[in-house]
Protein chains: 2
Amino acid sequence: MHITSLDQIEKTVPEMPGAKAVCKQVPLSREHGAPTFSFRVFTIEPGGHTPLHRHPYEHMNYVITGQGILVSEDGELSVREGDFALVLPGENHQYRNSSSGRDLVMICAVPIEHE
Amino acid sequence: MHITSLDQIEKTVPEMPGAKAVCKQVPLSREHGAPTFSFRVFTIEPGGHTPLHRHPYEHMNYVITGQGILVSEDGELSVREGDFALVLPGENHQYRNSSSGRDLVMICAVPIEHE
């Protein structure tokens, strides 16, 4: 059993070529004994974005606060607080913070080997 | 790629002996092609609770709104909006809504075979 919140978790700047103004936290991880999945949280500042990329595993996202654009093979899709998104293995994708003044904060859960 | 929000998802009353005033939604599921994990959401009304039980797979929780008690082998732990919780395989656990007037709404992610 492990309970935590974002104000207790270290923020790091992930090494992701193509990312801008993004930081990462890992509230539920292999460090806590998670056997299958990790819950990471990305904070994207206004004007920032994750890389436009693809990989052989899925993302499961939940937008905690803010709003943005999910660039996908289906075009640019809007996402906002309260939205859930599933990016399937192999799909090209990028999150952009489209707001002028508010961070986009989202859970990005992945299989634990890609924590 | 699949984007959704709770207002688009059917609410069902899960068949869980020992549950009271709980409903379930599954925003990201095997139905959408999720390969590893499912994101379910439980809404527990004031005075309601999930079963006190254990099972051989983990829960990964995020509290979207409200507050409550996570009954655990370590005692009764408080959880509230913004908290993350990891319940490991085999751990006895129960969520209770301890508030007088607000639903406890939380993501409860599990390996997909236990959706």
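Start by selecting chain A and colouring it by secondary structure: you'll find nine strands and zero helices. Keep in mind that you're looking at a predicted model. Trace chain A along its sequence and the pattern reads β-β-β-β-β-β-β-β-β.

Now switch to the C-alpha trace of chain A. Along its principal axes it spans about 40 × 30 × 25 Å. A compact globule of 115 residues would have a radius of gyration near 13 Å, and chain A, at 13 Å, agrees with that. Of its 115 residues, 33% count as buried. Look at how the chain folds back on itself, too: among contacts in chain A with a separation of 6 or more, 64% join residues 24 or more positions apart.

Next, bring chain B into view. How many residues does each chain put into the contact? Chain A gives 36 residues and chain B gives 36 residues. On the chain A side, the elements giving two or more residues include S1 (2-5), S4 (59-65) and S9 (104-111), while S7(A) gives the most, with five residues. Colour that side by class and you get 23 nonpolar, eight polar and five charged residues.

Zoom in on S1(A) and strand S7 of chain B, residues 83-87. These two pair in the antiparallel sense over four bridges. To find one of the partners in S7(B), select A:Ser5 and look across to B:Asp83.

Terms used: Residues are numbered from 1 along each chain as its sequence is written. Chains are lettered from A and ligands numbered from 1 in the order in which they are written. This is a predicted model: local features need pLDDT of at least 70, side-chain atom pairs count only at pLDDT 80 or more; totals for chains, interfaces and linings use all residues. Two residues are in contact if their C-beta atoms, placed from the backbone, lie within 7 Å. Ala, Val, Leu, Ile, Met, Phe, Trp, Tyr, Cys and Pro count as nonpolar, Asp, Glu, Lys and Arg as charged, and the others, Gly among them, as polar. Two strands pair if DSSP finds at least two bridges between them. The radius of gyration is taken over C-alpha atoms; the globule rule is 2.2 Å times the number of residues to the power 0.38. A residue is buried if 20 or more other C-beta atoms lie within 10 Å of its own, exposed if 12 or fewer, and partly exposed in between; C-beta atoms are placed from the backbone.
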